[in-house]
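Hi,

Here is the structure I promised to pass on to you. Have a look at it first, and then read on for what turned up in it.

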Amino acid sequence: MRLTRSNARRAMPALALALGVSLITMPSAQAAPDVTVKGVEAAFHEAEAMNEQVNQLGEDIKKTSKQIDDLSSEITDQTAVFNTQREALSTTIVQQQMDAPLGTTASLLGSGDPETFIDGLGAVQALNSTRTDALDSFVQVSNQLKNRQTQLDDRRASMRADQKDVAAKQAEIQTKYEAAKADLARLTAAQKASLDAPAPAADTKTDADADADVKVPASGRAKAAVDFALAQIGDPYVYGGTGPNSWDCSGLVMKAWAAAGVSVPRVVGPQMSAAKRIPMGQLQPGDIVAYGDMSHDGLYLGNGRVVHAPRPGKSVEITSLSGFSVAGRVG
């Protein structure tokens, strides 16, 4: 049909209405949510908290592996005893059948000498008692062997489950870390500078001053632990790092106190459980300070300062007590 000028004029309102509806119903591109320094810090913190869970699973796997080794050794020893006893019992039973096919007691019943019969019966009773004891011992070893094998199977299953859980959590940590990095890249230069700078310590004018000239009023083992931690300043944070050139928070604390001759657990929570809890107002250099959710810790230096391994993308540094809310004393 030919579109006349009159038809065109009549069609314009309908066309305009159709276009209007189309524009209204077209999905608009969603703007990416605003990224804040606080949000990026929270994202990195979440990944670090999960890293401590992985660290704990790693410790559980080490413990289970040791149990598996011990059980395997016990099973080897008990299997040797089991085989020896089984062979001895088998030999005794075979010899008995060869000497008296109808049984020892039946042979004695055919004896015409009462004294021989009485002496022989006493010997049979003694022999049977010995065989009973041997059989009881054999059954006991057999049951122990079965129990140890069941325990071994359970420990192996537990370790496989933990290893699978570690792999899943490590993948999740990587995902969270990549998301945090992506958010970090969207920050302004000023926001990034704010995020990367350690919180100023109470008695320092600048962070450079804090790292360049650290005077820690400590002695003995506490000083040895603090000195070790301070010597790692500048080393990068790495998930699961326990040195010698990279660290996570609990790895640094563990190795610092190990350098002082004190063994502390690998993970933040157990580290705080092993230490003597103290009020924050009674802090001394060398004390462990941690976040309330047990996701992060460091060593107190005095004067409101803490040395810690902060997060990926940063290095071991000195910061303030901000965020640390619980404390424990080692030794």
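Predicted model: local features only at pLDDT ≥ 70, side-chain atom pairs only at ≥ 80, totals over all residues.

**Salt bridges**

A search of the whole structure gives 10 salt bridges. One of them joins the side chains of Glu172 and Lys176, with an N to O distance of 4.0 Å. Both residues belong to helix H4 (residues 114-185), where they sit four residues apart, about one turn of the helix. Glu172 is partly exposed, at a relative accessible area of 37%.

Helix H4 also holds Lys181 and Glu178, three residues apart, again about one turn of the helix. These two form a salt bridge as well, and their closest N and O atoms are 3.7 Å apart. Lys181 counts as partly exposed at 34% relative accessibility, and Glu178 counts as partly exposed at 36%.

Is Asp248 buried or exposed? At 0% relative accessibility, Asp248 counts as buried. Arg266 has a relative accessibility of 7% and therefore counts as buried too, the cut-off being under 20%.

In soluble globular proteins, nonpolar side chains tend to be buried together. The largest nonpolar core in this model has 31 residues, and those with the most contacts inside it are Leu230, Trp257, Ile288, Leu299, Leu301, Val307 and Val330. Two or more residues each come from helix H7 (220-231), helix H8 (249-259), helix H9 (268-274), strand E2 (288-290) and strand E3 (297-302). H8 provides the largest share of this core, six residues.

Leaving aside residues up to four places away in sequence, Trp257 touches Arg221, Ala222, Ala225, Val262, Val264, Gly286, Ile288, Leu299 and Val330. Apart from this core lies another, of 16 residues, including Leu57, Val141, Met159 and Val166.

Val141 also turns up among the contacts of Gln85. With residues up to four places away in sequence left out, Gln85 touches Ser137, Phe138 and Val141. Gln85 itself is in helix H2 (residues 37-99). Its relative accessible area is 18%, so Gln85 is buried, since the limit is under 20%.

**The second largest pocket**

This pocket has a volume of about 180 Å³. Which residues line the second largest pocket? They are Asn51, Val54, Asn55, Gly58, Glu59, Lys62, Gln170, Ile173, Gln174, Tyr239, Gly240 and Arg266. H2 and H4 each supply at least two residues of the lining, and H2 gives the most, with six residues. Sorted by class, the lining has three nonpolar, six polar and three charged residues.

**Backbone**

Most residues other than glycine have a negative phi, and most peptide bonds are trans.

- The peptide bond from Gly243 to Pro244 is cis, with omega near 5°.
- Met294, in the loop between E2 and E3, has a positive phi, near 60°.
- Asn303 has a positive phi too, near 55°. Asn303 is in the loop between E3 and strand E4 (305-308), and at 42% relative accessibility it counts as partly exposed.

Best wishes

Definitions and conventions
Residues numbered from 1 in each chain as written. Heavy atoms only, no water. Core = buried A, V, L, I, M, F, W, Y, C linked by side-chain atoms within 4.5 Å. Buried < 20%, exposed > 50% of the residue type's maximum accessible area, 1.4 Å probe, protein only. Contact = heavy atoms within 4.5 Å. 1 Å grid on protein atoms, 1.4 Å probe; cavity = no way out; pocket = protein on both sides within 12 Å on 5 of 7 lines; lining within 4 Å. Points joined across faces, edges and corners; volume = space filled by probe spheres on them. Nonpolar A, V, L, I, M, F, W, Y, C, P; charged D, E, K, R; others polar.
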